[in-house]
Each structure stands twice: as C-alpha cells, then as structure tokens.
Amino acid sequence: MTTEIQIESYLTALRLHLGPLTIGEREEVVREIAAHVRDSAEESGAAVETVLARLGPADELAAQYRDGLLIRQASRSISPLKLLRATLRLATKGVFGIFVFCCAILGYSSGVVFVFAAFAKPFFPAHTGLWFQDGRFVDSGILHFPPPAPPAHEVLGMWLIPLALTLGSLTLLLTTWAIRTSLRLSQRLQSRL
Amino acid sequence: MANKRTQPVGGDEPDRWEAQLRKGALEMAALASLWQGRLYGLEIIRFLENHSQLVLAEGTIYPILSRLKDEGMLTSEWVEAEAGHPRKYYSLTDAGRLRLRLMAEAWTSFSGGVSRLLEPVLEKKENPQ
C-alpha cells in the first residue's frame, strides 16, 4: 500500500511540474513513467524508493520534458511571444542563448520601429522622415518634435511608407527565421546536455 | 543547475566532462538500441546498460525518446503486456534509420581521429619512463 502511495506522490509531482504541456501530452508522459516504475520494481525486485531514485527527482525529469518542448514548439512557431519566451529560456543556459536573445530583441525592435514609422508618416508627415541639408544626412526620426529647421528638408516624403513597411517586414521575417534556426541548432546542442 | 554550467570543464572535473560526453552520445545510443526492432523504455535502458556505460539517471532517456518521436525519428505504440499494464514501444522510422546511419558514420570517423590523436598519451601512461 505504501509503495502505491510513493508511486502516486511521485506521479503527482511529475504531473504538477509538467504544467505547460497539454493534458494529452502530460498523461502520456505520466503513463509511461508509471509503467517504467512498475516494470522496473518487478524486474529487479528493487524497492520502489530505489527505482524512483534511479529515475531522478520528479521536478528535474519534468524540466527536461518542458524545456525541450518549449524550444521545439517555438522553433516551429512564428509568434514573437513564443519565440521570445523560448530564447529567454535559452538565455539562461549559456552564452549562445544570451547572444540569440539579444539579437532577437534587437531584430524585433528594429522591425517594429520601421513599421511604426510607416504608420506615423501619414499623420505626422512633417515630423517623421529623413532630413538632408546640402546633400548631406542631418537627422532622422519618428514624431520628431520640433523637426530639424530649414534649410534641412525631409527627403523621402510619402515614399517613406512603402520603404519603411518593406524594411520592417524584412527585418521581422529575418529575425523570425534567425531565431527559429538558432532554436533548432540549440536543440541539437543543448537538450542533450 | 545554473552554477553547474558556469563552471569550466577543467582538469579538476573529469567526472563532469565524462558525464557530458555520455549525455552527448545518448541520443545516438537510444536510436542504435532500436536498430534491431521495437523496444519499450525500460528495455532501451537495460540494452544501453548492457552495451555501454551511457545511462546516468534512468529518467534522462524518456525526454530524449519523446523529442526523437516529435522529430519524426521514432514512432511509438502502446501494447498490452502480461504485466497487467500496457507498455509504450518505440520503433525507428525511415528518417530515424537515416539519421542514425549518418550519426554512426560521423561518430566512427571522429572517434577514429581522436583515438589516433590520443595514442601517444595512452602509450606514455603505460610506459611512464
């Protein structure tokens, strides 16, 4: 009876720590581990404590499933939220992760700035753009109050909208692709360690 | 967990280095154990114990199997057993066979090179003078 309680409390802890998985995935894991514990105890005649100890702590076992799954699912996703969560997780694991995380932040923020510029231009045409004076670059900005004084003049005009949208989309696409590639790469390296 | 990673793999930590080496080979070993046919988790663990010194905590193998399945390298099915409860059997897919073959080739050429590199070191150990 006590062995049943020991097994159940291990499985409950496992289930608890497997939180982020779907119910189906979670129950599949628990069912497999339960079968392992029963088989292992029967086969070797070992005490359930020994079998559970050989399996490792429930929270550590669950963490191995969770990390793998988080990164794996994100590497197939295009959701910035999922991708950032996974890179943040990766960043806690080493220098490569920190580098990926920083690049992700930089990539997303540049993309968003470009897109924002495209949306700001129609509403604040005099305060958004690229300013030149005597053929040389002077300033650039979005919602630039006050705008650079004449003779500096804004050179892009409404062309800024398609240009910024294209650059913004390309930056966001490239960032998404780069994060997904890095996550896949990290799977090959990290999840084994 | 975090402080484990920040520590360098140095001469004073051969155990940790060896542990990482084993873990690095575990995925290939898990695939290799299924080369002859389907096995369930505990059988894979016992197979690896009998043929190598790769398994550390027994739990480690299950998340690896789950990942390999997710990547399409393995398939699994629950099979009723005499034990009274079903067991989850894993088999290699064609993609899994291909990956294992490529891993085995890479491993053999890599380990051959490293062994040649280390020959003088081991000879020295046997004849220190």
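1. The model is a predicted one, in which local features need pLDDT of at least 70 and side-chain atom pairs count only at pLDDT 80 or more, whereas totals for chains, interfaces and linings use all residues. Residues are numbered from 1 along each chain as its sequence is written, and chains are lettered from A, with ligands numbered from 1, in the order in which they are written.

2. Chain B holds 5 helices and 3 strands, and from the N terminus its elements follow the order α-α-β-α-α-β-β-α. Helices here are DSSP runs of H or I with at least four residues, and strands are runs of E with at least two, numbered from the N terminus. Of its 129 residues, 26% count as buried, a term that applies if 20 or more other C-beta atoms lie within 10 Å of a residue's own, with exposed standing for 12 or fewer, partly exposed for what lies in between, and C-beta atoms placed from the backbone. Among the contacts in chain B with a separation of 6 or more, 46% come from residues 24 or more positions apart, where a contact requires the C-beta atoms of two residues, placed from the backbone, to lie within 7 Å.

3. The strands of chain B are joined through β3(B). Strand β2 (residues 74-79) of chain B pairs with β3(B) in the antiparallel sense over 6 bridges, and B:Val79 has B:Arg87 as its bridge partner in β3(B). Strand β1 (residues 39-40) of chain B is also antiparallel to β3(B), with 2 bridges between them, and here B:Leu39 has B:Tyr90 as its partner. Two strands are taken to pair if DSSP finds at least two bridges between them.

4. After α4(B) comes B:Gly72, which has a positive phi near 85 degrees.

5. On the side of α4(A), A:Gln64, A:Tyr65, A:Gly68 and A:Arg72 meet B:Pro63, B:Ser66, B:Arg67 and B:Asp70 in α4(B). The residues of this contact divide into 2 nonpolar, 3 polar and 3 charged, with Ala, Val, Leu, Ile, Met, Phe, Trp, Tyr, Cys and Pro counted as nonpolar, Asp, Glu, Lys and Arg as charged, and the others, Gly among them, as polar.

6. Taken as a whole, the contact between the chains takes 22 residues from chain B and 22 residues from chain A. On the chain B side, the elements that give two or more residues are α1 (2-6), α2 (14-33), α3 (41-51), α4 and β3 (87-92). The residues of that side divide into 7 nonpolar, 7 polar and 8 charged.

7. Within chain A, the axes of helix α2 (residues 23-44) and helix α3 (residues 48-55) come within 9 Å and cross at roughly 125 degrees, which makes α2(A) oblique to α3(A). In this contact A:Val37, A:Ser40 and A:Ala41 of α2(A) meet A:Val48, A:Val51 and A:Leu52 of α3(A), and by class there are 5 nonpolar, 1 polar and no charged residues.

8. Chain A also has an open sheet of 3 strands in the order β2-β1-β3, with antiparallel pairing. Its β2 (136-141) and β3 (153-154) stand at the edges, each with a single partner strand, so one side of each is left without a neighbour in the sheet. Strand β1 (residues 129-133) of chain A is joined to β3(A) by 2 bridges, and A:Phe132 has A:His153 as its bridge partner.

9. A:Asp134 lies in the loop between β1 and β2 of chain A, and its phi is near 55 degrees, a positive value in a residue other than glycine. A:Asp134 is exposed, with 7 other C-beta atoms within 10 Å.

How values were computed:
Axes fitted to C-alpha atoms, helices over the stretch in contact; angles between N-to-C directions. Parallel < 35°, antiparallel > 145°, perpendicular 65-115°, else oblique.
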